[in-house]
Amino acid sequence: MKRALVALILTAAAVAALARFHAHPPRTLNLRAAQADRPAVRAAASRARPGVRTATGPPMMTPFSLVQVRVTLTDGRLTGVETVALTGDGPHTQALNARAEPILRREALRARSAHIDTVSGATYTSRVWIQSLRAAIEAARRG
Amino acid sequence: MAERRTEHLMGTAVTVEIRDRVVPYRAIEHAFAWLKWVDRRFSTYDAASDVSRLNAGEIGLPDTHPIVREVLAYCDVLRAGTDGYFDAHAPLPGGVDPSGLVKGWAVDVAFAGLLRAGAQQLCIEAGGDVRVAGGPWRVGIRHPRQREQLAAVVVLRSGAVATSGAYERGAHVVDPHTGRPPVGMVSVTMIDHKLARADAHATAAFAMGSRGPVWSAGLTAMSILTDDQVLLTPTFCHLRA
């Protein structure tokens, strides 16, 4: 249920992003992350058959994984969006835990509520995903 | 009496809170005016800012405001102090983007101005980064997935708390050595005397990925890993509520 809701929100966000994309090409500031030198991504646009282009956006960090968005354009129209999730690196984390043990205190992440005066840390939104989507569309159009 | 004011600038919300009986209202105005001025000079979104013109090649470094040069020099110091992981050149290949430092640094300057004006119980919060004095202030560190919950609470008499991670404003932290977002880490929270340092160190430790927690062992840090493990340095443990 929760997953379905998330998917729905992402879809809605994507539609909003696409609407904006058509009306106003993304400004440089939105694409800055996408335009960083990532040769693998630049080369990702490809043509399977005439009129059909696919491209993959750059990997973007989300709280618990890396996300990439792959789009398909048919005659310039968006006909497919696919999210490719790359998971975090388990072995790295395990190696880290072994090294960190003597110095650092290790515990499980907990959620709590308490009276506080102020708060540090920002919230996560689907903007990361939208950035990757925009970059993928851009790459497909160029490709 | 006490005063709490929020304004939107530097692409985020900045709140100044003073809990003294006598509030230096003019100094609060000055603090926000200062932050707006800094925003105009440093914004990479504003084509007329010193930093944008520098990156566009319209002006050279000597033509920028001395304060811009000061911040860029500070960026270089922090780059050297973080094994190159805090790198103002990384977000913008071929150019420079000191925004990772500017916010914390500008808040530190505003904070000093308010203290000089007589503020004692003072808190400035700027987009999830916090600097306080005259505490105890209870600072919550947001849970990475459950928005209304906290992952930890620290109590500070004075100091700064900065958290770096996969943020609201997108994946703006990359490993400058690979150009890719780091893996293994959800967020790093750093506590220090000043916000600029806390912020830069949090950014660097996050960019290091799974090496970050060990690098930060001598600092006051909390790292949340992708496997729901939390690593705390000894000094961080002491500050927890």
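This report describes selected backbone and side-chain features of a predicted model.

## Backbone geometry in the loops of chain B

Most residues other than glycine have a negative phi, and most peptide bonds are trans. Several positions in chain B are described here against that background.

The peptide bond between Gly135(B) and Pro136(B) is cis, with omega at about 20°. Pro136(B) belongs to the loop that runs between β4 (129–133) and β5 (137–142) of chain B.

Asp83(B) is a residue other than glycine with a positive phi, near 55°. The loop that holds Asp83(B) lies between α3 (66–81) and α4 (99–116) of chain B. Asp83(B) counts as exposed because its relative accessibility is 51%, and the cut-off for that class is over 50%.

## The hairpin of β9(B) and β10(B)

Strands β9(B) and β10(B) pair in the antiparallel sense, with three bridges between them. Within this pairing, Met222(B) has Leu232(B) as its bridge partner in β10(B). The hairpin formed by the two strands has three residues between them, and Asp228(B) takes a positive phi near 70° there.

Asp228(B) is located in the loop between β9 (220–225) and β10 (229–232) of chain B. With a relative accessibility of 27%, Asp228(B) counts as partly exposed.

## β10(B) and its partner in chain A

β10(B) also pairs with a strand of chain A: β6 (residues 105–108) of chain A runs antiparallel to β10(B), and four bridges join them. Here the bridge partner of Arg105(A) in β10(B) is Leu232(B). Leu232(B) is likewise the bridge partner of Met222(B).

In a regular strand the side chains alternate between the two faces of the sheet. On β10(B), Gln229(B) and Leu231(B) are on one side, whereas Val230(B) and Leu232(B) are on the other. These residues are all buried, and both faces of β10(B) are covered.

Thr163(B) is part of strand β7 (residues 159–165) of chain B. Its relative accessibility is 4%, so Thr163(B) counts as buried.

The side chain of Thr163(B) makes a polar contact, at 2.6 Å, with the side chain of Ser120(A). Apart from neighbours within four places in sequence, the residues in contact with Thr163(B) include Ser120(A) and Gly121(A) from chain A. From chain B, the contacts of Thr163(B) beyond those neighbours are Gly128(B), Asp129(B), Ile141(B), Ser187(B), Val188(B) and Thr189(B).

Key
Residues are numbered from 1 along each chain as its sequence is written. Chains are lettered from A and ligands numbered from 1 in the order in which they are written. This is a predicted model: local features need pLDDT of at least 70, side-chain atom pairs count only at pLDDT 80 or more; totals for chains, interfaces and linings use all residues. Side-chain values use heavy atoms; hydrogens and water are left out. Buried means under 20% relative accessible area, exposed over 50%, partly exposed in between (1.4 Å probe, protein chains only). Two strands pair if DSSP finds at least two bridges between them. A polar contact is a pair of N or O atoms within 3.5 Å; within protein, one must be able to donate a hydrogen and the other to accept it, and residues adjacent in sequence count only if both atoms are side-chain atoms. Contact means heavy atoms within 4.5 Å.
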